[in-house]
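Good morning, and thank you for coming.

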Amino acid sequence: MSKSERFSWFRFSSPQTFYPLAGTLQPWFAAAATLLCAAGLYISFFVAPTDAQQGEAYRIIFIHVPAAWMSMFLYLVMGFWSGVGLVLNTRLSSMVATALAPTGALFTFIALWTGALWGKPTWGTWWVWDARLTSELILLFLYIGFMALQAAIDDQRRADKAGAVLALVGVINIPIIYFSVKWWSTLHQGASVSMKSAPSMATTMLIGMLVMALGFWMYSIAAVLARVRCVILERERHTEWVMEEVGGQA
Amino acid sequence: MNWHSWSEFLAMGGYALYVWGSYAVTLLVLIAEIVALVMRRRGVIERLAKYYAARRRNHETEA
Amino acid sequence: MIRALGWVLRRDLLLAFRRRGDVVNALVFFVIVVSLFPLGVGPEASQLRNMAPGVLWVAALLACMLSLARLFAPDHQDGTLEQMLLAGEPLVVLVMGKVISHWLVSGLPLVLMAPLLGLQFDLPGDALAVLCLSLLLGTPVLSLIGAVGAALTLGVRGSGVLVALLVLPLYVPVLIFGAGSVGATAAGTGAEAHLLLLGGFLALALVLAPWASAAALRIAME
C-alpha cells in the first residue's frame, strides 16, 4: 500500500474534515447514551435492593458518583486537548477543549447538587467544608474561570492558549479531589471502588454505577460533538466550505 | 421487584424529596443542555446565513 | 542571570517606592477590612478569637489580589514588558524578580502588620506567632499564583474581576491551611501539619508558577 493510500486518523485533525465526522458519530453516541442511561436507571430503581442503613436515599449514588467521575474526567480531557492545542498549535484541539468546558461544569454542578441532597438525610447536613467537597467546588470555579477567560479575550488564538495555561494549572486539583478522602479522613466516605481490592459494596450497586457512568460518558461525547460543530461553524465562518455548508441548509 | 405500588415508588421510603430532587434536577440540567445546544446551532446557522447574504449583497453592489 | 534578577528587583522596588501611594493603599485596605469585622459582628471576645484566623487571612488574600494589577499591567502599557520578552535573559528569571518585588512590597508588610491586627481580635501569643509564620509562607504563594492570573488577563477588558475569578479558586488551599494553622494552634492541636503543607505549596509554586506566568506572558504578548 502506498503512503498516500494508507488511512491515518490525522486526516480528521482539521476542522473541515472533523465536522462531518462529528455529525455522523453524534447520533450514535446519543443513542448509546439513551440506552445506557435507561438501563442504569432501571438498575438503580428496580434491581438494586434497599440499603440497610441509608434506606432509599442511597439511590442518589447512581447519579452522584458517575457525575463526579465525569466532572473530573472531562476536566482531564479538556486539559489534555487544550495542552495539545498549546504545544502543537492546532486549532481543532482548542475548539474541542472549549466545547468540553460547559458539559464538564454541568456535571460538576450535578455532582455537588446530588451530593448535598444525599448528605442531608444521611449525615444530617447539606454541606460540609471537607477536602473533597471543597475541591469539587473549586473544580466548578475552574471550569467557570476557563469559560470566562476565553469569553473575555477577543483574539481567538490568544483565548485558546490562555485557557490552556489556566486549564493545565488547574489540573493539580484533580488528584486532590480524588485522593483527598485518603489523605484526610473527614466526612466524605472513603473510596469503595478500587482496581486492586474487591469492591466493598454490593455488586448490583457497582454495576448500576458503572452503567450510569458509561451512559454519562456517551452523553458527554454526544454533547461535546454537537457543541464542537457549532464552535467550528462560528470560528471557520470565513471559509468556503462553511459557506457552502450553511448555504445548503438555509 | 423493589416496589409494591406506584405510591411506594414515589415515596422512596420517605426520602422522596432528596431522591427525586436529585434525579429531577439532573434530568432537567441535561435536557437544558441539549435544548441550549439545539438553539445554539440554529442561532449560528441563522446568523451565518444572514452574514453571507449581506456579504453577497455587498459584493454585488460593488461589482 | 542573577544580575538580571537583581536588576528587575531593584527596578520594581524603586518604582514602587516612587509611587508609595499604591503600596500604602493595599496595606490600608488590609487594615480597614480587618477592622470592619469586629464592627460588623460585635465585640464579643470569644467570637472574634474564633473568626480571627479566617478574617485576617481572607483580608490578606484580597489585599494581595488587589495589588496584582500593579504587577504586569504598568510595564505592559509603557512597553517595558515587550523589551523584557525580547531581552536575552530567560523570561522566567525576570518574572521571578517581579514576583519577589511584588511580595516584598505587598506581602511582607501584611506579615508585619498582622500581629498588631491579631491583637484586635484577642488572639493569644502563640497563635499570633503562627499567624505570622503562616502568612510568611503563604503570601509568597499568593504572589506566585497571582502572577499567573495577572499574566493570563493582561490587557483584557474587565481584567480586575476576571483575575479574581481565576485566582481565588487556586488561593483556596492556601487559605484553608493558613487559617487552619492558626485555628489549630488556638485549639491546641498543633499547626505543624498545616505549616508543612504551606511550605509544600510554596515549593511547588516556586517551581511551577514563574514558568506558567512566563508562558502566559508570551501568549498575551504575541
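Predicted model: local features only at pLDDT ≥ 70, side-chain atom pairs only at ≥ 80, totals over all residues.

Residues are numbered from 1 along each chain as its sequence is written, and chains are lettered from A and ligands numbered from 1 in the order in which they are written.

First, the chains. I call two residues in contact if their C-beta atoms, placed from the backbone, lie within 7 Å. Chains B and C have no contact, and their closest C-alpha atoms are 24 Å apart.

Chain B has 2 helices and 0 strands; these are DSSP runs, H or I of at least four residues for helices and E of at least two for strands, numbered from the N terminus. Its radius of gyration is 25 Å, well over the 11 Å from the globule rule for 63 residues, so chain B is more spread out than a compact globule. That radius is taken over C-alpha atoms, and the rule is 2.2 Å times the number of residues to the power 0.38. Along its principal axes, the C-alpha trace of chain B spans about 75 × 20 × 15 Å.

Now to chains A and C. Their contact draws 16 residues from chain C and 15 residues from chain A. On the chain C side, helix 7 (125-152), helix 8 (159-187) and helix 9 (192-220) each give two or more residues.

Which way does helix 4 of chain A run against helix 8 of chain C, roughly parallel or roughly antiparallel? The axes of helix 4 (residues 131-152) of chain A and helix 8 of chain C come within 9 Å and cross at roughly 155 degrees. The two helices are therefore roughly antiparallel, a word used for angles over 145 degrees, as roughly parallel is for those under 35. Axes are lines fitted to C-alpha atoms, for helices over the stretch in contact, with angles from 0 to 180 degrees between N-to-C directions. Among the residues that meet are A:F141 and A:L142 of helix 4 of chain A, and C:L165 and C:P169 of helix 8 of chain C.

Finally, within chain C, helix 2 (residues 20-41) and helix 6 (residues 91-120) pack at about 25 degrees, with axes 10 Å apart. Helix 2 and helix 6 of chain C are therefore roughly parallel.

Note on methods: Parallel < 35°, antiparallel > 145°, perpendicular 65-115°, else oblique.
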